[in-house]
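Me: I'm new to this one. Can you put it up and walk me through it?
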Amino acid sequence: MFAKDFKKWDTIVGWISFAIAFAVYALTVEPTGSFWDAGEYISTAAKLQVGHPPGAPLLQMIGAFFSIFAFGDVTKIALMVNAVSIVSSAFAVLFTFWSITNLAQKLINSDKPLSNNKAITVLGSGLVGALAFTFSDSFWFNAVEAEVYAMATFILSLLFWLGLRWEQEMNTPRGDRWLLLIAVVIGLSFGVHFMGLLTIPALGMIYY
C-alpha cells in the first residue's frame with residue numbers, strides 16, 4: 001500500500017509532521033516579548049521601522065503582515081509577530097521530513113521499486129527525524145518567539161530540499177529551474193539572516 005502510492009504517502013506524512021509541529025509551537029508560543037532582541041523585532045515589524053544592523057527587512061515585512069491580524073488590539077501584536085516563527089518553524093520541519101525521505105531512498109539503493117517494508121522504513125525515518133528536530137531544545141526555543149533564527153532555519157531546510165530536487169532533475173531539459181529558484185531564495189535569505197549561505201557548501205557537495 002505505502003510502496004504503491006509512496007509519493008502520496010510522503011506528502012501526507014510530511015504534512016502530518018507539519019501539523020504536529022505547528023500545534024506544539026502554537027500551544028507554547030510566547031504571548032508577549034522575550035527579554036532580548038524579540039521586543040525590538042516585534043516593534044520594528046509592527047511599525048515597519050529600522051532594526052539593528054544588518055537588519056532583517058524581509059522578516060520585518062512578513063511580521064508587519066502578521067501584525068495586521070491583531071485587528072487593532074495592540075496587546076495581541078506581539079503574539080501575531082511571534083506567530084511568524086511558528087509558521088516558519090513548522091515549514092522547516094516539513095522540509096526536513098522531505099529531505100530525510102529523499103536521502104533515505106538513496107541509501108536504500110532504490111534501483112528496484114520500493115517494497116512496502118522499505119517504504120514504511122523511509123517514511124518512519126523521516127517522521128522520527130522531523131519530530132526529533134521539532135522537539136529539540138534550541139529549535140523549539142526559537143520557534144515560539146519573534147527572532148530571525150526560526151525563519152533562517154526554514155530557509156536552510158528549504159534550500160537543502162531544493163538542492164535535492166535539483167539533483168533529481170539535473171540532467172533533464174528543465175532541471176536548472178531548481179537552481180534558479182535556489183538563487184532567488186538565497187537572495188531573499190539576506191533579508192532574514194546570512195545563515196542561508198551555509199547551504200551553499202552542501203549544494204556544492206550534492207552537485208559533486
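Reply: Helices here are DSSP runs of H or I with at least four residues, and strands are runs of E with at least two, numbered from the N terminus. The model is predicted, so local features need pLDDT of at least 70 and side-chain atom pairs count only at pLDDT 80 or more, while totals for chains, interfaces and linings use all residues. Residues are numbered from 1 along each chain as its sequence is written, and side-chain values use heavy atoms, with hydrogens and water left out.

Me: OK. Where is Thr 153?
Reply: Thr 153 sits in helix α7.

Me: Is Thr 153 buried or exposed?
Reply: Thr 153 is buried, because its relative accessibility is 16% and buried means under 20% relative accessible area, exposed over 50% and partly exposed in between (1.4 Å probe, protein chains only).

Me: What is Thr 153 in contact with?
Reply: Ala 92, Phe 133, Phe 139 and Met 195, leaving aside neighbours within four places in sequence. Contact means heavy atoms within 4.5 Å.

Me: Which helix is Trp 166 in?
Reply: Trp 166 is in helix α7. Trp 166 is buried, at 8% relative accessibility.

Me: And what does Trp 166 touch?
Reply: Not counting residues up to four places away in sequence, Trp 166 touches Gly 175, Asp 176, Trp 178, Leu 179, Ile 182, Leu 203 and Tyr 207. As for Leu 180, 14 residues from Trp 166 along the chain, the two C-alpha atoms are separated by 9.8 Å.

Me: Switching to charges. How many salt bridges does the structure hold?
Reply: There are 3 salt bridges. The term means a side-chain nitrogen of Lys or Arg within 4 Å of a carboxyl oxygen of Asp or Glu.

Me: Why would such side chains pair at all?
Reply: Side chains of opposite charge can pair when their charged atoms come close.

Me: Which side chain does Lys 106 meet in a salt bridge?
Reply: That of Glu 167, at 2.9 Å from N to O. The pair links distant parts of the chain, 61 residues apart, with Lys 106 in helix α4 and Glu 167 in helix α7 (residues 148-168). Lys 106 is partly exposed at 39% relative accessibility, and Glu 167 is partly exposed at 30%.

Me: Which residues are linked in a network of salt bridges?
Reply: Arg 165, Glu 169 and Arg 177. Between Glu 169 and Arg 165 the closest N and O atoms are 3.1 Å apart, and between Arg 177 and Glu 169 they are 3.2 Å apart. Glu 169 is buried, with a relative accessible area of 16%, whereas Arg 165 is partly exposed at 22% and Arg 177 is partly exposed at 40%.

Me: Back to helices. At what angle do α1 and α4 pack?
Reply: Helix α1 (residues 6-27) and helix α4 (residues 77-107) pack at about 150 degrees, with axes 8 Å apart. Axes are lines fitted to C-alpha atoms, for helices over the stretch in contact, and angles run from 0 to 180 degrees between N-to-C directions.

Me: Which residues meet there?
Reply: Those of α1 include Phe 6, Trp 15, Phe 18 and Tyr 25, and those of α4 include Ile 86, Phe 91, Phe 97 and Trp 98.

Me: Last one. Where does Phe 135 lie?
Reply: Phe 135 is in the loop between α5 (116-134) and α6 (137-143). Phe 135 is partly exposed, with a relative accessible area of 42%.
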